[in-house]
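Visitor: I'd like to learn how to read charged pairs and packing in a protein model. Could you walk me through one?

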Amino acid sequence: MTTSSWSGLLVISCMLLMSWAAAAVDMSPVRFDAAYMPLFGGDNLVPSPHARTVLLKLDRFTGSGFVSKSAYHHGFFSASIKLPHDYTAGVVVAFYLSNGDVFPGQHDELDFELLGNRRGHAWHVQTNMYGNGSTGRGREERYLLPFDPTAAPHSYAIAWTPAAVIFYIDAIPIRELVRCSSGDYPAKPMSVYATIWDGSAWATDGGRHKVDYAYAPFTAVFSDLVVTGGTDDDHCAAMGLMTSEVAVMTPAKRGSMRRFRSRHLTYSACYDTVRYNGTGVVFPECDESEQDNFHAWGESKRVINSRSSSSATYATGSGVRID
């Protein structure tokens with residue numbers, strides 16, 4: 001049988017599965033040791049006895065991290081994360097997909113980066129996407145978190161299909177990146193990573209505020225690890241995922257996403273004309289009609305991070321002003 005015939009049979013088989021794929025996609029959490037393995041950090045990585053929770057620590061000697069045992073060709077990946085409290089300037093907690101170890105210089109990446117802050121200042125979260133080594137065209141967006149991420153765990157998830165990438169926080173979509181023929185899009189298998197590390201050079205106010213190890217160890221708690229994706233041996237998984245609830249953007253979900261972004265988006269590379277030499281819309285997902293809501297350097301004119309001398313303020317209270 002020819003290669004094209006095999007491909008045709010595979011597509012037909014996958015289409016037959018898609019009618020029940022949404023129900024069949026397993027979104028239940030897995031044990032840490034079933035899907036992940038330590039990446040670095042030695043004793044600074046501490047799985048719980050039941051392997052459902054993992055502590056990642058950063059001290060003056062090292063950060064820590066773990067990585068999936070398999071690489072995935074599309075999927076849904078989620079973790080609940082409780083962030084370190086008190087003074088956390090310069091601390092970066094990341095949950096992301098990458099294949100940089102396999103394709104140096106041509107790698108793909110999908111990022112959640114949680115950025116610490118000084119005492120009395122809110123944590124931020126940053127999303128990003130690289131396709132085929134497009135690191136010179138970073139597509140960062142930063143948001144204020146509408147809750148205190150140090151008080152309880154909150155869910156951060158990435159749905160990646162051949163058609164689109166959707167970032168979720170607590171089941172609310174916050175960003176959608178639709179595949180476009182003219183855009184950079186992740187298309188090669190990626191591993192899943194979680195890390196905590198010293199980002200003093202850039203993470204807090206452009207590097208003005210560094211990690212202070214007098215407050216170490218900084219501890220992030222990961223739980224509810226969900227890994228649902230297709231590997232090289234499971235070619236139907238991506239097609240099945242495309243019909244699942246997490247990959248379908250309904251009108252109600254788009255409305256929730258618009259509300260989140262209008263209230264909490266503080267920076268977008270879409271509107272950073274300083275960075276991109278005076279150009280306006282530079283990526284397929286950018287909405288030119290929103291340009292007037294942002295300064296020339298990409299910062300929002302509407303969402304303002306307030307300051308508190310006693311404790312961090314977050315977007316549900318006075319942490320955000322919307323004009």
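This is a predicted model: local features need pLDDT of at least 70, side-chain atom pairs count only at pLDDT 80 or more; totals for chains, interfaces and linings use all residues.

Visitor: How many salt bridges does the structure hold?

Guide: The general idea is that side chains of opposite charge can pair when their charged atoms come close. Here, the structure holds 14 salt bridges. One of them joins Arg118 to Asp205, with the closest N and O atoms 3.4 Å apart.

Visitor: Which parts does the pair of Arg118 and Asp205 tie together?

Guide: Look up where each partner sits. Arg118 is in the loop between strand 7 (109-115) and strand 8 (124-130), while Asp205 is in the loop between strand 13 (191-198) and strand 14 (218-229), so the pair links parts that are 87 residues apart in sequence.

Visitor: What about Arg137, which forms a salt bridge with Asp184?

Guide: Read that one the same way. The closest N and O atoms of Arg137 and Asp184 are 3.0 Å apart. Arg137 lies in the loop between strand 8 and strand 9 (141-144), and Asp184 in the loop between strand 12 (172-178) and strand 13, so this pair ties together parts 47 residues apart in sequence. Arg137 is partly exposed at 32%, and Asp184 is partly exposed at 21%.

Visitor: And where do Arg175 and Glu141 lie?

Guide: These two form a salt bridge, with 3.5 Å between the closest N and O atoms. Arg175 lies in strand 12 and Glu141 in strand 9, so the pair ties together parts that are 34 residues apart in sequence. Both Arg175 and Glu141 are buried. Follow the shared partners and you get one network, made up of Arg139, Glu141, Arg175, Arg261 and Glu285.

Visitor: Now for packing: which residues does Ile169 touch?

Guide: Start with its place and its accessibility, then list the contacts. Ile169 is in strand 11 (residues 164-169), and it is buried, with a relative accessible area of 3%. Leaving out residues up to four places away in sequence, Ile169 touches Phe112, Val125, Leu145, Phe147, Ser155, Tyr156, Ile174 and Phe260.

Visitor: How many Å separate the C-alpha atoms of Ile169 and Pro146?

Guide: They are 9.9 Å apart, and the two residues are 23 residues apart along the chain.

Conventions: Residues are numbered from 1 along each chain as its sequence is written. Side-chain values use heavy atoms; hydrogens and water are left out. A salt bridge is a side-chain nitrogen of Lys or Arg within 4 Å of a carboxyl oxygen of Asp or Glu. Helices (H or I, at least four residues) and strands (E, at least two) are DSSP runs, numbered from the N terminus. Buried means under 20% relative accessible area, exposed over 50%, partly exposed in between (1.4 Å probe, protein chains only). Contact means heavy atoms within 4.5 Å.
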